[in-house]
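Please keep the structure in view while reading.

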Amino acid sequence: MELDSGILWRVAVVQAAAVAVLSVLLALAFSHGFFTDWGWLVGPLSWLACAWVTARVVGLPEAPVLARAVGAGLLSVLFVLLGLHWLGAAVAIGVFAAWCARLPRPFAGGA
């Protein structure tokens, strides 16, 4: 399937914005210790929540988008293990957007 650059950029911008907003809200609501103890759970759930929002905003089917989010999130784990959490998030957003931009055309019409 051919990459749709319009979908790629919309997904990348919406996912980056959703991750940034949710990260700020969580940082304001919880202490650093919370993320030390619960980041392994909160991080992936937040990533998936942001991907769901992205699917809704861009107009893509939720299930395939969430599947792509899982794959991109697993890739970001490598960066987390190296202590490069935010670089991993940036790479994951790019990979996620590229994978979403290759959805079959009937699904990629978007809003």
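## The cysteines

A disulfide is a covalent bond between the sulfur atoms of two cysteines. With a cut-off of 2.5 Å between cysteine sulfur atoms, the count of disulfides in this predicted model comes to zero.

Seen from Cys-100, the closest cysteine sulfur is that of Cys-50, again at 13 Å and too far for a bond. Cys-50 has a relative accessibility of 4% and therefore counts as buried, and Cys-100, with a relative accessible area of 0%, is buried as well.

## Packing of α1 against α4

Helix α1, which spans residues 5–29, and helix α4, which spans residues 85–100, have axes that come within 8 Å of each other and cross at roughly 145 degrees. The crossing in which α1 passes α4 is right-handed.

On the α1 side, the residues that meet α4 are Ile-7, Leu-8, Val-11, Ala-12, Gln-15, Ala-16, Val-19 and Ser-23, while α4 contributes Trp-86, Ile-93, Phe-96, Ala-97, Ala-98 and Cys-100. Sorted by class, this contact between α1 and α4 comprises 12 nonpolar and two polar residues, with no charged residues.

## The nonpolar core

The largest nonpolar core contains 23 residues, and within this core the residues with the most contacts are Val-11, Trp-47, Leu-60, Val-65 and Phe-96. At least two residues of this core come from each of α1, α2 (32–58), α3 (62–81) and α4, and α1 gives the most, with seven residues.

When neighbours within four places in sequence are left aside, Trp-47 is in contact with Gln-15, Val-19, Ala-69, Ala-72, Gly-73, Ala-92, Ile-93 and Phe-96. Among these partners, Gln-15 and Val-19 also take part in the contact of α1 with α4, as do Ile-93 and Phe-96 from the α4 side.

## Gly-71 in α3

Gly-71 lies in helix α3, and with a relative accessibility of 24% this residue counts as partly exposed. Although Gly-71 and Trp-99 are 28 residues apart along the chain, their C-alpha atoms are separated by 9.4 Å in the model.

How values were computed: Residues are numbered from 1 along each chain as its sequence is written. This is a predicted model: local features need pLDDT of at least 70, side-chain atom pairs count only at pLDDT 80 or more; totals for chains, interfaces and linings use all residues. Side-chain values use heavy atoms; hydrogens and water are left out. Axes are lines fitted to C-alpha atoms, for helices over the stretch in contact, and angles run from 0 to 180 degrees between N-to-C directions. Helices (H or I, at least four residues) and strands (E, at least two) are DSSP runs, numbered from the N terminus. A crossing is left-handed if the near helix is turned anticlockwise from the far one by less than a right angle, and right-handed if clockwise. Contact means heavy atoms within 4.5 Å. Ala, Val, Leu, Ile, Met, Phe, Trp, Tyr, Cys and Pro count as nonpolar, Asp, Glu, Lys and Arg as charged, and the others, Gly among them, as polar. A nonpolar core is a set of buried Ala, Val, Leu, Ile, Met, Phe, Trp, Tyr and Cys residues joined through side-chain atoms within 4.5 Å. Buried means under 20% relative accessible area, exposed over 50%, partly exposed in between (1.4 Å probe, protein chains only).
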